[in-house]
Amino acid sequence: MSTISIHRTEILRITHARSRIFRQRYRRTIPLWKLTINSRSSDTSKKEELSVQISIPPHVDQLRPDGLRFDRLQPSEPEFGHEDRFEFGKFVAREAMLDEEYWTAAWLRAESHWEDRSNERYVDNYKRKFAEQEFNAIKRRCKGMQGQKCSCIVAVKKEEKHIKRSVIKSVVGTLDLSIRYFLQGETFPGEKVKSQLFCSINQEGSNRYGYIANLCVAKSARRQGIACNMLRFAVESARLSGVEQVYVHVHKNNSVAQELYQKTGFKIVETGKFESLDDDTYLLQYTS
């Protein structure tokens with residue numbers, strides 16, 4: 001019969017009758033058919049909880065939800081019938097349309113989120129879980145909630161003659177643009193206001209604003225103006241929707257991102273005399 005060995009480095013058992021601590025080291029061999037997670041013996045005085053962690057090397061097939069094909073070729077732009085698109089250099093900014101584009105955007109965000117922690121144990125498993133959750137979140141947001149509009153904007157490589165790229169190799173940048181409504185009494189997003197217990201959101205055009213989040217660019221495509229041009233496209237898309245104010249939050253320690261937004265036309269909003277929900281970030285508004 002096949003067996004599997006489980007090592008326990010050290011177990012501390014404390015008895016109330018005596019104030020001594022017994023340290024025991026032992027090795028147990030359990031048949032595979034008896035190995036269960038959270039197994040419990042019939043003897044209530046000897047309960048054990050066994051947890052088994054398996055480190056699986058990352059593979060492409062494990063990094064995609066069912067139904068997505070990363071070998072799918074990127075369709076040509078005329079097939080999308082996109083009028084709202086912005087061309088710059090070798091790239092095009094537009095709204096994501098394919099599930100594979102949503103997934104690639106989610107994976108870029110996972111890569112960006114764990115970029116500075118690439119040496120951590122199980123980092124590939126964490127990135128996979130993050131990407132799966134973000135993929136589902138993108139799909140929910142883009143379906144629209146409470147009348148609010150949200151779109152996932154991507155930057156893709158332009159078509160070239162005699163060159164066919166897969167979706168995963170075409171998407172090089174992403175951000176989210178949402179059209180929101182100020183809460184009653186708010187003058188900027190995230191402001192602490194005293195609202196009534198029962199109130200309705202004023203959905204007039206003047207009460208709407210654009211909000212940008214989750215901006216990231218693939219490492220291999222940075223320093224080519226992709227982030228700036230995606231921001232410009234997002235701002236123009238918001239204005240075409242009838243929104244005059246566009247905001248973004250950036251962490252106070254992220255000087256690179258602050259420089260990027262200010263270069264694109266955003267300025268820090270002075271919220272000193274107001275109460276803000278987050279003291280670790282700056283609120284920036286597009287003013288150009």
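T287 touches G265 and K267, residues up to four places away in sequence not being counted; contact here denotes heavy atoms within 4.5 Å. The C-alpha atoms of T287 and G265 are separated by 6.1 Å, although these residues lie 22 residues apart along the chain. T287 is partly exposed, with a relative accessible area of 45%, on a scale where buried means under 20%, exposed over 50% and partly exposed in between (1.4 Å probe, protein chains only). The model is a predicted one, in which local features need pLDDT of at least 70 and side-chain atom pairs count only at pLDDT 80 or more, while totals for chains, interfaces and linings use all residues. Residues are numbered from 1 along each chain as its sequence is written, and side-chain values use heavy atoms, with hydrogens and water left out.

T287 is placed in the segment after β10; strands (E, at least two residues) and helices (H or I, at least four) are DSSP runs numbered from the N terminus. Strand β10 (residues 281-286) pairs with β8 (residues 246-251) in the antiparallel sense over five bridges, pairing requiring at least two DSSP bridges between two strands. Within this pair, Q285 of β10 is the bridge partner of Y247.

Both strands belong to an open sheet of eight strands with mixed pairing, ordered β3-β4-β5-β6-β7-β8-β10-β9. Because β3 (85-88) and β9 (266-268) stand at the edges with a single partner strand each, one side of each is left without a neighbour in the sheet. From one strand to the next, the twist averages 25°. Helix α2 (residues 99-113) packs on the sheet, touching β4 (91-95), β5 (149-157), β6 (171-181) and β7 (208-217), and its direction makes about 95° with that of β6. Axes are lines fitted to C-alpha atoms, for helices over the stretch in contact, with angles running from 0 to 180 degrees between N-to-C directions.
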